[in-house]
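Notes below, in the order I looked things up.

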Amino acid sequence: MSQDPQATDEYSKQAASPYKWEMVVDLDRCSGCEACVVACHAENNIRISGEEEAAEGRAINWIRIERYWEGDYPDVKVKFLPVMCQHCDDAPCEPVCPVYASYHTPEGLNAQVYNRCIGVRYCGNNCPYVARQFNWFDPHWDEPLAEQLNPDVSVRSGGVMEKCTFCVQRIRSGKEAAHKEGRRVRDGEITPACVQSCPTSALIFGDRNDPDSRVSHLKKSRRGFHLMESLGTHPAVTYLRRLSE
Amino acid sequence: MFGNIKGVILALLAGSVATGIGALYSIGSADLPVQDQQPLRFSHRLHAGILNIQCQFCHRYATQSPVAGVPSVALCQTCHESLSEATPDMKRLQIYWKDKRPIPWIRLQRLPDHVYFTHEMHLFAGLSCTSCHGKVDRMSGTPRAPTYEMGWCLTCHEQTGASQDCWTCHK
Amino acid sequence: MDLYRRTLFKILGLTAAGSSLPGCEREVHNLVPYLLPDGDIVPGVANWYATTCQECEAGCGTIVRVMEGRAKKIEGNPTHPVNEGKLCARGQAALQGLYNPDRLQGPLRREGKRGQGQFRPITWEEGLSEWVEQIRTHAGKSAMVTRPVTGTLASLLTTMMDSLSGRLVMYESTGEQTLRTANYLSYGTRTLPHYDLANADYLLSFGTPFLEHWLSPVSFGVAYGKFRQGRPMVRGRFIQVEPRLSLTASNADRWIPLRPGTEGLLAMGIGQVLLRDGLTNLSSSHQASFHRTFSAISLQTISADTEVSQEAITQIAHELSSASAPLIMGGGPAAAQTNGTTTLILINALNVMIGAIGRRGGLQWMEPQDSPVDLANPGLASERTLMDLALEFEQGSRALLHLYRADPLFTLPPSLKFERVFDHAQFIVSFSPFLDDSTLMADLILPDHDPLESWGDHVHHDTTSVPAWSVSQPVVRALYDTKPIGDVWLDVAHRLGGALGERAPWNTFHDLLKSRWQTVLTKHDSPRSFETRWKETLQEGGVWPSTIPHHQISPAMPSVTYKPPQFLGNSSDYPLYCYPYPSLGLHDGRGANRPWLQELPDPLTTGMWGSWIELNPTTAQGLGIHPGDRVRVTSDYGSIDASVMVFPGLHPDMIAVPMGQGHRAYGRYAKGRGVNPMVLLGPNYDEQSGSLATGGTRVRVERIKGGSQLPMLEQSGKNPVLGRLQETGGL
């Protein structure tokens, strides 16, 4: 195997990236109120699927609240689990994309480049978290609902896979503001829409490369775990266990 | 007999595929020059070249926004109010002003929806307007911009050490 | 979007079929320069404007992201004391009210029969002059039914209706009238306290859906996060007592189901143990009076009637006494019974026994403060008050009905026969921006601006820790030929002239608003000019002091006799209790025309875009009903058909149905979708507050033919989104 000097360069450049974006979900705070779900729809131009498409299981949610029942009446319990793209460091969706539409950014984000995507859906099939969703048709908004669309986010047309981006448009503008002032992004300066809206502050977002960020601190919590840890996907989302009796 | 029908079907299929590919190639070149006809003739050569007005006097948001902005009629008027020389186009400008109507300029610089581009950060990085837009001060008409292709962007990003990560520019 | 590869596939696929490209892509071909440059607006850069959310009565402070004149996103105002920068699902969906495709775009006059839904567009001049004509014709016979409003609009509407000798009725189906009545009897005030959840370490909640829609849900959400994980070494413990495992209950450490309507009895049991074991903070002189009330029924009977074990009751009492800052809350479904007020008085007395009154981590009332606007709030009406109004229309003492953002024909059970008002009204004017079920019956529609296009203010007098007065400002220009209700009333006052005209000297509602705020903003010894202060207020979203002294409350001794709940319908024909609950997204139905909220999966059932009937698995099995089966629910008053969701967290003697669907009108997303459970309810009231006992009707369930799959996020077999994560074990 010949050594490609450029590839090494590329690798070292990536490793030198100043930021590594991660999220923490505190299940002891999450109340399942779904404020994050609507916040995400509003921010990211997520289509309105409608009753028929929703019945086909084609409704698109970049973040969803999973609910688990435990036990039988009257000793029944419910647990909520907000699930979004886990932005895995070893993401199963990335190597299967034939056109490199799904790839890892130097800042640890699992990215989908919509204009590259040809819609083979291998990535969605390979994602254990069902975080990737497919646009079976072109989206439609009854006028004038489209006036609300966020110009910072592409409208995905039919035939494209889409997923949570950790609100990359917000990361981008946060980095730009910091860059213009010649400093690093401050902890808490960038908040994805879900994190911003969460009434109980169950979602926390930040830079893991900053040892003093809240994400760095919370990741070390004894309550911390990752979804499907055994798969070795190394997610960038850390969950904190809900405490119970 | 059957061979004939097969032939017809094949021909039809081939025809439709050819139409498809033809239609594909015509996308992007669908913008005919007639669409570039601005509501009034404006000369960058006169304004930016001969009169030496700085780009950002008119495109005043370039340093603070992703978009550079086109001047408002009021901004045109700050100079044109005191000018007596009345060409047909200047008269047209006065009509817009009197009617309090904005000028419906045709967009000539286009990027697709999946591209994020910001004037603000490019100027902050020290680029000059002409690096991308060319010698506008020598163009008398308002010319259609060259297609901004990704390879062209990347060449510069590569040379200047700017980010080449897809998500820097794709949204 | 000009996406090369995909376009290739699309065209190859389509040309053979001879069709052309779908035209969904909206390419911007024109540049839109501003005629006059606005110093504040930079194209491509967002502006944020502070305003106040009006999706419910909590009035959270919001900031709205506006780009090139369009509202893009609503977030909580980070400095606002009510919601501290956070916002719920409904608040964020307010954008789909503004840009709703079914908004009324101008004044309308009815054509054809009432309720047929035929209207013709008219000019504002035509509309206003006809309305003035009607006010003159029906002098002294006006009435107005409105959603609760506060601040300047409340005082304007009060003044107007006073001057017309009219009657102003503010109605909210989840207005907690029973709680206000009980608090008046217990604490001497109808003002609801601030529940200091953030600083409590033990919460016992009797049915309050405080994480869903109760009083000020975002404020409670913020406090709940702090209650659980906001303090080092302290994690608040939370017990919810409720017959159904609601979203709120599902967050509790322990959910205690009980027989519907016996919450007061359980409170009595807990109080009894507190007194018996000497665990109260009461002086010995007070103990006797509490003893009389709380020891009327034996613990054994209480346990049998509530279905809560004596051990559990004793345990709760002991946990309450060993906690350092326990808090008890009651309301919502616990009060939606014929004995609601009694139940809440008993719960209030428990708070007195544990010393929660005025305590940090307990209940706090703020000192009444000077308000920038008259606090001329007539108070909320109970359903019984609405029945009085109906009688006045029947008797002819009222003839002209005004409707403002209230939809009583949808939110009230038909068994109350509120349609009498509409049958007897000589003329009906609606200011609703949508053709809702009640506005469908209007003769004249004078649509209001959307809240995001309007001026206004909001006085927070309930449940907040500090008094806050918020302002609303137009964040976008009005989309259509609508007029703000305040402007319309002022215009009519001028047309009518006389005393009314004198009482309304302002040209616009904005002038009135500013004049009210001027008195306050300049009174508070500010050296700066009013215009400066006003601008600051608009930028900040309102005014609120950082801290205020708390108001001392002297609770009354409880002297109530527990009464068991009364249900309509006999238990042999109707063996199940009906339990309608406000949907998380749609609430009482007002959110049903917003597609984001329709497509928001219910967190517990994961249902979307429709209605369902919840049944306990054992009950369903007993009736031979399977999940997804279609059933008919029948009461003495009506019936509804919907499919069944088996719901493990439900008392076996109950059915539960979400409210919010089953509209006859209200636009394309709401109309004809699902069923309205109010159809089932009978006219059963809580005696003391006059509130409808929404949990006071019995029903039966039977399987019927047919069945249609309700869209669900959780789809067994088809698209197993949920369930795959079960293996994590980390939950």
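Before the sheet, a rule for myself: two strands count as paired if DSSP finds at least two bridges between them. I also kept in mind that this is a predicted model.

**Sheet in chain C.** I looked up how S19(C), residues 468-472, goes with S20(C), and the two pair in the antiparallel sense over two bridges. One residue I traced was Trp469(C), whose bridge partner in S20(C) is Val543(C). Stepping back, I found an open sheet of three strands in the order S18-S19-S20 of chain C, with antiparallel pairing. S18 (456-460) and S20 (542-543) of chain C stand at the edges with a single partner strand each, so one side of each has no neighbour in the sheet.

**Domains of chain C.** I noted three: domain 1 is 108-173 + 373-535, domain 2 is 194-364 and domain 3 is 576-703. I checked domain 1 against domain 3 of chain C, and their C-alpha centres are 31 Å apart.

**Chain C against chain A.** Here I found 67 residues of chain C and 72 of chain A in the contact. On the chain C side, the elements with at least two residues each include helix H1 (4-15), strand S3 (70-76) and helix H20 (595-598). Which element gives the most to this side? It is H7(C), with seven residues. I sorted the chain C side by class and have 37 nonpolar, 16 polar and 14 charged residues.

**Chain B against chain A.** This contact takes ten residues from chain B and 17 from chain A. On the chain B side, helix H6 (119-124) and helix H9 (166-169) are the elements that give two or more residues.

**Confidence in chain A.** Last, I looked at the scores: chain A averages a pLDDT of 92, and 93% of its residues score at least 70. I flagged residues 1-15 of chain A, where the pLDDT is below 50. Beyond near neighbours in sequence, that stretch has two contacts in the model.

Notes: Residues numbered from 1 in each chain as written. Chains lettered and ligands numbered in written order. Predicted model: local features only at pLDDT ≥ 70, side-chain atom pairs only at ≥ 80, totals over all residues. pLDDT = per-residue confidence, 0-100. Contact = placed C-beta atoms within 7 Å. Domains from an automatic or database assignment. Helix = DSSP H or I, 4+ residues; strand = E, 2+ residues; numbered from the N terminus. Nonpolar A, V, L, I, M, F, W, Y, C, P; charged D, E, K, R; others polar.
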